[in-house]
Amino acid sequence: AALGHAYGDWTFNSETKTHAKTCANDASHVITENCTITSVVSGNKVTHTCSVCNGTYETGLIETDKTTCGVTDPIMVTAYDTFSGAWVGLYKKDENPDPDTGGIESLFWAYITEDMVGKPFDLTAVVPGVSAGNRGEKLSNGEYMLYFFGNSGYNNIVAELELEVFTDMSNTEFELLFYNGEARENGYHRDFELKTVDNPAGGEE
């Protein structure tokens with residue numbers, strides 16, 4: 001006779017921001033849903049809680065959808081608070097973000113208006129009146145810092161995040177090199193399978 005379903009409690013996944021529950025009678029039956037998140041700001045921290053599974057996690061006043069990305073990838077940023085003149089700016093790591101003290105302008109920036117709070121936006125998408133790519137430079141390999149400024153100036157950083165950027169491999173030609181029997185592409189370690197194939201001209205390749 002069929003046992004029917006007997007689902008247990010929701011289990012929270014902090015990485016995917018989902019929750020799931022499994023049938024005790026058949027572990028192949030799993031229900032997974034996106035969490036319904038409520039965010040509460042306290043100082044420079046934000047506590048996010050799911051109203052369904054009660055899962056919780058904390059962030060700063062800003063977060064990104066990833067901490068590593070390709071040079072052509074969008075950088076999705078979410079800000080959880082706003083202030084008078086608040087904005088976010090992306091800089092190369094170790095750059096001084098304050099031009100008044102010998103610093104440099106940001107690569108990308110955006111004002112954080114009230115209607116943007118809690119909503120992801122692409123920092124690399126230039127929106128007239130809201131953002132602009134100050135330097136006109138493209139992203140390149142390296143480490144970057146995303147700063148959240150609490151006013152229209154440069155000296156009130158209320159949150160910051162690190163971001164690492166890699167070259168987009170999809171449209172790039174690489175030289176295949178060997179190091180101690182390992183195949184590598186321009187210094188990037190990858191897994192390769194070497195095969196012997198028939199050569200129409202004779203011999204092997």
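Two strands are taken to pair if DSSP finds at least two bridges between them; strands (E, at least two residues) are DSSP runs numbered from the N terminus. This is a predicted model, in which local features need pLDDT of at least 70, side-chain atom pairs count only at pLDDT 80 or more, and totals for chains, interfaces and linings use all residues. Residues are numbered from 1 along each chain as its sequence is written, and side-chain values use heavy atoms, with hydrogens and water left out.

**View A. The hairpin of strands E5 and E6.** Strand E5 (residues 45-50) pairs with E6 in the antiparallel sense over four bridges. His48 has Tyr57 as its bridge partner in E6. Five residues lie between the two strands, and Asn54 in the turn has a positive phi of about 65°.

**View B. The two faces of strand E6 (residues 56-59).** Tyr57 and Thr59 point to one face and are buried (under 20% relative accessible area; exposed is over 50%, partly exposed in between; 1.4 Å probe, protein chains only).

**View C. The salt bridge of Asp65 with Lys66.** A salt bridge is a side-chain nitrogen of Lys or Arg within 4 Å of a carboxyl oxygen of Asp or Glu; the structure holds three. In this pair the closest N and O atoms are 2.9 Å apart. Asp65 is partly exposed at 49% relative accessibility, as is Lys66 at 23%.

**View D. The salt-bridge partners of Lys93.** Glu162 forms a salt bridge with Lys93, with the closest N and O atoms 3.5 Å apart. Because Glu162 lies in strand E15 (residues 157-166) and Lys93 in the loop between E10 and E11, the pair ties together parts that are 69 residues apart in sequence. Salt bridges that share partners join Lys93, Glu143 and Glu162 into one network.
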